[in-house]
Amino acid sequence: MSSLSETLSSLSMLATPEQLLQATGETLYMVVVSALISTALGLPLGVLLHVTRKDQFMSRPRLNRVLGAFTNIGRSVPYIILMVSILPLTRFLVGSSIGTNAAIVSLTLSAIPFVARLIEGALNEVPPGLIEAAQAMGAKPMQIITKVLVPEALPGIFNSLTVTVVTLISYSAMAGAVAGGGLGALGINYGYQRFDGMTMLVTVIILVALVQLLQSVGDALVRRVDHR
Amino acid sequence: MINIRSVNKVYGEGPNAVTALRDINLEVPQGGIYGVVGRSGAGKSTLIRCVNMLETPTSGQVLVDGQDLTQLDEQGLRLARHQIGMIFQHFNLLSSRTVYDNIALPLELMKADSAQIKAAVEPLLELTGLTDKVDHYPSQLSGGQKQRVAIARALATKPKVLLSDEATSALDPHTTRSILELLKNINRELGITILLITHEMEVVKRICDRVALISDGSLIEEDEVGHFFTHPTTALGHEFVETALSQPLPEGLEDRLHANKAPSRRPVIRLTFSGDSVQAPLITQLARQFSVDVSILQAQVEHIQSQVLGRLLAELSGSDEAIAQAMTHLESQPVRLEVLGYVQPV
């Protein structure tokens, strides 16, 4: 670490290694917390979107249309607009409209419909014959979800979550533009506003490394659960 | 064991309605193996899916072990389904579970504890010959092994009835035979009633006691299997029997065969014997009484359940008059006579 920090110090940039480290920590914090919350809420929503379709075992076409419409609205609002338009809600929830916690609110809110649609897609890949077999065994709807549908879709679900985390990293950088903190904020503040190309370059390199790392972790998880 | 009474199934409504099943009545006796055959789209699949209510009949009753499934609520139906195992053409195993865990699934659904599951699964592994595959995932198994897992899974809850939806249709002939053997074993040793649907007469011939023929949603023929093979009553029945029994004509015969009679051409006939007529000395009679020579081109004997079925392909030679008399005689005998065509002697 010290040698890395020496190398960083030797680069001619305005941001200090401590600032880089802190910004990286902030980015990870925002991404991890929003990924956890959006998965916790997006997974059930995705399952509901799938099982309430008209040809599915918990068919509720009207509920499905309502949920689908909400999800589409959430998906179609550009993140940057969502972020500023929900500021009152953010202030109510975390007491501030700036900083990493504020960014988490908008990141989570935009990721929930994203996660839900991806997971719905992963569940669509489960062969209908498996659901039928479970029904023939006398499975309850909840058992079909927990014992058949979700375990069979797990590789696809892990893929979806990896995509979500990577997307959250790039969105978190956008949150930085409006004082959200993290690597994005550092890059904008030094690289853009103070013309410090080196700081910009280093933040981008760190972001690239983060994405690569998380993608490989995600891929490894998928391989582990995929027995198809 | 299974009683299907006046079952109708209609999909859709109004002018777009499609009738899949028309007034089906069928009774599967306890401990039997019952086959339903028909072409694809005839309604076989819909029929078998009505037996465990994967499809709800539009009208009629479905009784399994005396219980009318059409009258049950959701909870009652779930309990009833534990008594009805089912296997499928594409196995429908969970790719995320090992062989052991796949077989354990129906027991988990019933909230059995791990000791109960172990006690139920292990004998089934033995029975289906999967003991050494217990920790494998389905993707590591062959088609036949997958169907064995599916059969073990269907038996895990000790059902009284096993439904088989084209269970061998995705398998090669050799594997098909071994799966059919297994089903027959299960039927004999565990006393489970089996209802199967198939488009392969081979399956019916090998293991079924009774057979029903379904066409365009209606049941058009129903019989004990041995009798069905020897005495099909409908045109479609004939066709199905033919596909199960026919062997290709001997090399070169097809090209020499003429449809029309002509002087000096000799008839090629096929005789189908069944039951007592298998023993009748028909061929020697022809030679002695009518001075007709009989050259046998092909012969086969099939044992279908308790029935013996013999088929003989032969060329007759002699004077036109003698042949005509011989044919008249054959028609009066308890055999089925078909004239395939006429050949010029070489």
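Predicted model: local features only at pLDDT ≥ 70, side-chain atom pairs only at ≥ 80, totals over all residues.

Residues are numbered from 1 along each chain as its sequence is written, chains are lettered from A and ligands numbered from 1 in the order in which they are written, and side-chain values use heavy atoms, with hydrogens and water left out.

**Interface of B and A**

I looked next at which elements of chain B give two or more residues to the side that touches chain A, and found α2 (74-81), β6 (84-88) and α3 (99-109). These are DSSP runs, numbered from the N terminus: helices are H or I of at least four residues, strands E of at least two. The largest share, four residues, comes from α3(B).

For salt bridges (a side-chain nitrogen of Lys or Arg within 4 Å of a carboxyl oxygen of Asp or Glu), I find two across the interface. I also looked up the one between A:Glu132 and B:Arg49, at 2.7 Å, N to O.

In contact terms (heavy atoms within 4.5 Å), 24 residues of chain B meet 19 of chain A. The two chains bury about 2000 Å² between them, 57% of it on carbon and sulfur atoms; this is the accessible area (1.4 Å probe) that two parts lose on being put together, summed over both. B:Arg78, B:Ser95 and B:Leu109 supply 28% of what chain B buries there, more than any other three residues.

**Helix α12(B)**

I then checked residues 320-331 of chain B, helix α12. Its buried residues (under 20% relative accessible area; exposed is over 50%, partly exposed in between, 1.4 Å probe, protein chains only) are B:Ala322, B:Ile323, B:Ala326, B:Met327, B:His329 and B:Leu330. The face turned away carries exposed B:Asp320, B:Glu321, B:Thr328 and B:Glu331. Among the elements covering the buried residues I noted β13 (307-317) and β14 (336-343) of chain B.

**A:Val51**

Last, I looked at A:Val51, in helix α2 (residues 17-51) of chain A. A:Val51 counts as buried, at 1% relative accessibility.

Definitions and conventions: Expected span 1.5 Å × (residues − 1).
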